[in-house]
Amino acid sequence: MEQQGERRVDAEPGSSRAPGRRSPTARPCAALGAAGLAGLVLAGCASMPDSGEIRQVQASHGVDSQVRVFGVPPADKASPAEIVDGFLEAMTSDDPQLDTARKYLTEDAAKNWKPGSAVTVLSAGLDRYPVPGEKEPEQPRWKVTGKKLATVDERSAYQPETGGGRYEEYLQLVQVNKQWRIATPPSSLVLSESDFQRIYKPVNKYYFAGNTLVADPVYVRQRSDPDSRMDPTTQTVQSLLAGPSKWLGPVVTSSFPSGTALRDGTKSLSYDGQNTLRVPLNAKADNVAHPQCQKMAAQLLFTVKDLTASRLDRVELVGSDGKSSQCSVTGAAAAAIADRAQSPDHQYYVDKDARLVRMTLDVNSEDQQHQQKAEPAPGPLSTAAGFKVGSAAVAYDEKRAAVVSGDGHGLYVVNLTTAGAMPPPVLPSRSGKLTAPSWDARGDLWIADADPQGPVLWRVPGGSGTPQKVEVAGLGSGKITALKASSDGARIALLIEKEGSRKNLFIGRIERPEGARDGAMPAPVLVRELRPAAPQMAEVTAMSWAPRGRLLVVGRESGGVVQARYMLADGSMVAASLPGATGLSAIAASEDEGKPVVAFSGDDGIVWLPPGAQWRTVAAGGTAPVYPG
């Protein structure tokens with residue numbers, strides 16, 4: 001029989017493993033049901049093989065989508081320790097309503113407990129022990145603690161813990177009909193990092209910053225439960241309609257009228273035979289104008305397409321009567337509405353002669369030798385004798401380039417479509433410590449001066465206006481040593497060094513007050529609410545924005561080696577990492593997922609990474625690789 005506090009683990013239909021349960025002496029476990037991966041289990045758990053004896057195995061961090069974990073109800077006359085252990089295990093089940101976990105609570109506590117409103121993520125499991133010296137031993141209290149890694153708020157947004165904080169709560173036990181039950185459950189769902197990654201998946205919602213769609217990462221449950229609207233697609237659409245995350249909210253807008261929700265009675269959303277997702281909305285969205293309706297549909301299409309690997313060709317919005325079509329958009333129409341950055345024609349880098357050059361790397365081309373041949377960037381840079389380029393950034397339309405002189409004392413903006421003399425510097429620097437510049441899709445240019453006497457972040461409106469100092473709230477005594485504005489112009493990634501310490505990566509929200517781009521005396525643009533973008537890394541060497549609002553980060557975890565990993569913009573880590581990334585000190589990725597990653601290696605110069613292959617050398621002696629942006 002199933003023992004108190006165990007988790008029952010079932011395989012999904014079609015898998016090769018039958019349902020299993022743990023040994024009475026083993027810790028509750030989860031087993032994989034995927035074909036070819038059967039037998040992989042979690043830490044300290046027992047698996048139920050198809051034959052042979054039950055055995056205990058060590059941890060594996062691999063988690064398969066076919067694992068299903070279920071809580072086990074409390075046993076009759078269970079002790080306080082068994083009730084606490086069983087409840088904590090039941091919280092990690094795949095039941096989105098946590099019905100089994102509620103059976104460990106008193107009737108009032110079960111009715112009022114709302115763990116779905118927030119999640120506390122711990123770096124490891126929970127420690128729990130009885131509180132000693134209680135005056136009323138007939139009502140014992142148990143303390144549960146752990147090291148806090150992050151929280152997920154009521155809008156499903158992930159927030160890393162930066163202060164090394166501890167999670168700590170108390171569970172008060174009482175007797176109900178001679179059975180121990182918990183009267184004070186935790187205020188949120190509490191999960192270890194491995195359980196969180198098994199139960200939840202990251203997805204981007206999309207909102208508008210100006211005319212450009214911006215990715216807003218959130219986490220939703222992976223499991224489907226149509227009766228409670230808990231399938232991932234419906235969860236994500238509900239989260240999109242509820243509005244952006246608190247952090248991104250001040251700089252983006254939603255096209256959906258306030259109060260818009262799914263039509264009453266909508267239990268789940270699904271695709272029809274033409275790969276169309278029909279989304280019925282309530283009366284709040286019935287009377288919107290057609291252009292606004294199409295923007296709403298574009299938000300939905302990008303959001304759901306980002307969530308699923310399946311093909312989605314069209315989104316149709318349905319009125320509150322459940323029948324009338326309000327509007328629809330195809331993928332191509334949504335892309336035009338979203339105003340995303342265009343696919344670049346070239347990659348750029350600084351060659352061994354300190355010239356800005358460009359090349360074309362096509363991952364599908366068989367003529368690798370021809371496509372890797374670099375040519376000087378056109379315009380004044382190709383004819384300016386003696387001018388040495390230290391770093392560069394190219395506008396998204398590839399018509400202008402911003403370059404920092406080799407001595408770091410001047411920022412120049414040059415035209416790449418016409419010849420002529422080198423223009424005067426847009427921004428001089430007495431320190432000679434200008435960072436590499438960065439363009440956003442709005443045409444603004446960003447650069448920092450790491451002057452020890454007064455580090456400054458600068459913005460050049462339109463790439464040609466008067467440079468403006470930008471206040472960075474929370475920067476303190478830190479200095480910006482590298483930066484990269486997001487293509488949507490709503491966020492900026494900053495590599496910050498504080499008092500000679502290691503460099504850490506932060507993301508700031510770019511706030512542009514109304515009128516910030518108009519007139520001779522625009523309102524100031526601000527960067528606010530810096531948050532860690534790679535908290536798992538002890539030091540970051542280089543970074544680039546990558547497709548779907550992600551960051552590609554080169555850095556080192558504590559005690560580890562240098563590696564390149566994809567990170568979500570909220571600071572949570574994506575599993576994908578690049579092979580053989582040691583030795584890289586600069587990296588560039590394009591918004592176009594079809595373009596290869598390009599990097600600088602101190603040993604090999606400019607290198608690139610074809611799909612499914614190892615790094616290949618492009619140009620020995622080259623430095624500072626960039627894509628437009």
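Which strands each supply at least two residues of the lining of the second largest pocket? Keep that one in mind as we look at this predicted model. The answer is E20, E21, strand E28 at 479-485, strand E32 at 537-546, strand E36 at 584-588, and E40.

Let me stay with the pocket for a moment. The second largest pocket holds about 890 Å³ of space. Its lining has 45 residues, and the closest to the centre are Ala436, Ala482, Leu483, Ala586 and Val626. By type, the lining divides into 26 nonpolar residues, 15 polar and four charged.

Now to two of those strands, E20 and E21. Strand E20 covers residues 389-394, and it pairs with E21 in the antiparallel sense over five bridges. The two form a hairpin with five residues between them. In that turn, Glu398 has a positive phi of about 60°.

Strand E21 itself runs over residues 400-405, and five of its six residues are buried. On its other pairing, E21 is joined to strand E22, residues 410-415, by five bridges, again antiparallel. This is also a hairpin, with four residues between the strands, and Gly408 in the turn has a positive phi of about 75°.

A residue to look at here is Ala401. In E21, Ala401 stands opposite Val394, and in E22 its bridge partner is Val414.

Next, E40, which also contributes to the pocket lining. E40 belongs to an open sheet of four strands, in the order E19-E18-E17-E40, with antiparallel pairing. The edge strands are E19, at 375-376, and E40, at 623-626, each of them pairing on one side only. The partner of E40 is strand E17, residues 347-350, and the two are antiparallel over two bridges.

Last item: Arg531, which sits in strand E31, residues 526-532. Is this arginine buried or exposed? Arg531 has a relative accessible area of 8%, so it counts as buried, the cut-off being under 20%.

What is Arg531 in contact with, leaving aside its neighbours within four places in sequence? The list is Tyr158, Gln159, Trp247, Leu505, Phe506, Ile507, Ala569 and Asp570. As a separate distance, Arg531 and Gly474 are 57 residues apart in sequence, and their C-alpha atoms are 9.5 Å apart in space.

That covers the pocket, the hairpins, the open sheet and the arginine.

Methods:
Residues numbered from 1 in each chain as written. Predicted model: local features only at pLDDT ≥ 70, side-chain atom pairs only at ≥ 80, totals over all residues. Heavy atoms only, no water. Buried < 20%, exposed > 50% of the residue type's maximum accessible area, 1.4 Å probe, protein only. Pairing = 2+ DSSP bridges. 1 Å grid on protein atoms, 1.4 Å probe; cavity = no way out; pocket = protein on both sides within 12 Å on 5 of 7 lines; lining within 4 Å. Points joined across faces, edges and corners; volume = space filled by probe spheres on them. Nonpolar A, V, L, I, M, F, W, Y, C, P; charged D, E, K, R; others polar. Contact = heavy atoms within 4.5 Å.
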